[in-house]
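Please consult the sequence and the structure shown here before reading on.

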Amino acid sequence: MLRPPIESEQYTSDAFTTWCTAHGITTSLGRTGVCWDNAAAESFFASLKNECYHQTTFTTRAAARLAVADYIEVFYNRQRIHSTLECKTPVEALAAYYDTAA
């Protein structure tokens, strides 16, 4: 199994970059101080942690995986409104996009 360097190393370290290059992996980190690359992902994971993880104690990994899938597919995409989508759900925003494109 492919294993990156020791977990305590930073993802921007030379060891991590060398390991990724050797295994044909392209990293997606931007330059230092450029936050736009991962702002959407960080926002999503903050929501996931606050709205799902921190409210539940999971007895198994399978239960945790099911809860995350349920959170994403049922709540996050279909019920939770997003301010960046003009207070629509992702499903509503996608439908509006396709209606406009047609």
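Q: Which six residues form the largest nonpolar core?
A: This is a predicted model, in which local features need pLDDT of at least 70, side-chain atom pairs count only at pLDDT 80 or more, and totals for chains, interfaces and linings use all residues. Residues are numbered from 1 along each chain as its sequence is written, and side-chain values use heavy atoms, with hydrogens and water left out. A nonpolar core is a set of buried Ala, Val, Leu, Ile, Met, Phe, Trp, Tyr and Cys residues joined through side-chain atoms within 4.5 Å, where buried means under 20% relative accessible area, exposed over 50% and partly exposed in between (1.4 Å probe, protein chains only). The largest such core consists of F44, L48, C52, V68, Y71 and Y76.

Q: Which helix supplies the largest share of this core?
A: Helices are DSSP runs of H or I with at least four residues, strands are runs of E with at least two, and both are numbered from the N terminus. Helix 2 (39-51) and helix 3 (61-76) each provide at least two core residues. The largest share, three residues, comes from helix 3.

Q: With which residues is L48 in contact, leaving aside its neighbours within four places in sequence?
A: Contact means heavy atoms within 4.5 Å. With neighbours within four places in sequence left aside, the contacts of L48 are Y53, V68 and Y71.

Q: Why do the buried residues of helix 1 lie on the same side?
A: The buried residues in helix 1 (residues 14-22) are F16, W19 and C20. The arc is taken from the directions from the helix axis to the C-beta atoms. These residues are on the same side of helix 1 because they cover an arc of only 95°.

Q: Which exposed residues does the face of helix 1 turned away from its buried side carry?
A: The buried side of helix 1 has F16, W19 and C20. The face turned away from it carries the exposed residues D14, T18, T21 and A22.

Q: Is Y98 buried or exposed?
A: Y98 lies in helix 4 (residues 90-101). Its relative accessibility is 51%, and therefore Y98 counts as exposed.

Q: What percentage of the residues in the chain is buried?
A: The secondary structure comprises four helices and zero strands, with the elements running α-α-α-α from the N terminus. Of the 102 residues in the chain, the buried share is 17%.
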